[in-house]
Amino acid sequence: MTPSAVIAGSGKEAPVVAGSVTAGEADAPRLTATGLSKNYGAFRLTDVGIDVHAGRVLGFFGPNGSGKTTTLAILAGLVRPDAGSIHRVAGPSGAGRQPMSVLLDSFGHNPFLTGREHLRTVARRFGHPASRVDEVLEEAGIASAARRRIGKYSLGMRRRLSIAEVLLVDAEVVLLDEPTNGLDPDGIVWLRRVIRRMVAEGRAVLLSSHMLNEAEGLIDDAVFLLEGRVEWAGPYQDVVTAVAERYVGLRSTTNVFELAEHLAARGVDVLQAGPDELAVRVEQVPQARKAVAELGHGASIVDLGRPNLDLVYHLIRSHGLRNQEVS
């Protein structure tokens, strides 16, 4: 199915008991999920907690099958969890925003409607004038295709339509599932501007993406999910600092791939950190130097600098860097 924006506007769809909705402080969590669990037999989501703060972007990461889609479906009110609670907190009085809008990658539009007809349906539901539909069509760059049936849209155009729907709803909390799918480079640049504007307006944004290089410059906080459990959660800068303190770069004149295999065979935990550089735990540096010497090469140890999100993700997934290592 094609991607679409699924709207959780009234709160009636919430599958868990919601907390009271009161005016929150400027930087308080607008959405808090606690202890979310769901058992599908072959897969189990266990005790997942998430805080999405106003004026911040929460990156939500994990490999396929880790539970991201299940968690987002629970937050959107499409799946009822076996346990857990969701607490939504309203923004400053007078903002007049809907509680939440959600773009889920696995839900489609009606292919027989035009783009304008689809958005007008959404506008009527939320009490927005028809003129607002034209505004978001223009902003999304698909005004020229407004009278075309959605079934004739390209993947990128359908994605832009989904984002236009999110903009139209005008929500306090915005959940974005793989929002860059189908977007060309210009579309990705536009989406970044949209997300940054949402943050500047004090909205709380959750961004789930496999495009780590696109997410890195946007996120303030992060949750890393692995096999249905939260492996790490908190301010993104904290995990970046933890990686920089616990890992160093190792360079050698030998082929980096052969070196990685050689080190791994001798019990050294390694991960590629660059075209000619491996990341090695600080405490394993002597062991790594010895292994490199066995190949008849020297090794130089360098500072990793600021680890990128791709390296952070793989260290958490493969090497078990968890919250307790950061505290």
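This dialogue covers a sheet and a pair of helices in a predicted model.

Reader: What is the strand order in the open sheet, and what is the sense of the pairing?

Author: The order is β3-β2-β5, three strands with antiparallel pairing. β3 (44–53) and β5 (83–88) each have a single partner strand and stand at the edges, so one side of each is left without a neighbour in the sheet. From one strand to the next, the twist averages 10°.

Reader: How many bridges join β2 and β3?

Author: Strand β2 (residues 29–39) pairs with β3 over seven bridges, in the antiparallel sense. To find one of the positions, take Leu-36: its bridge partner in β3 is Val-48.

Reader: Which strands does helix α1 touch?

Author: Helix α1 (residues 68–75) packs on the sheet and touches β2, β3 and β5. The direction of α1 makes about 120° with that of β2.

Reader: What describes two packed helices?

Author: The angle between their axes and the distance between the axes. Here, helix α4 (residues 155–169) packs with helix α5 (residues 185–200) at an angle of about 15°, and their axes are 12 Å apart. Angles under 35 degrees count as roughly parallel, and α4 and α5 are therefore roughly parallel to each other.

Reader: Is the crossing of α4 and α5 left-handed or right-handed?

Author: The crossing of α4 and α5 is left-handed.

Reader: Which residues in α4 and α5 meet?

Author: From α4 come Arg-160, Ile-163, Val-166 and Leu-167. They meet residues in α5 including Asp-186, Gly-187, Trp-190, Leu-191 and Val-194; Arg-197 and Met-198 in α5 also belong to this contact. By class, the residues of the contact divide into seven nonpolar, one polar and three charged.

Notes. Residues numbered from 1 in each chain as written. Predicted model: local features only at pLDDT ≥ 70, side-chain atom pairs only at ≥ 80, totals over all residues. Heavy atoms only, no water. Pairing = 2+ DSSP bridges. Helix = DSSP H or I, 4+ residues; strand = E, 2+ residues; numbered from the N terminus. Axes fitted to C-alpha atoms, helices over the stretch in contact; angles between N-to-C directions. Contact = heavy atoms within 4.5 Å. Parallel < 35°, antiparallel > 145°, perpendicular 65-115°, else oblique. Left-handed = near helix turned anticlockwise from the far one by under 90°. Nonpolar A, V, L, I, M, F, W, Y, C, P; charged D, E, K, R; others polar.
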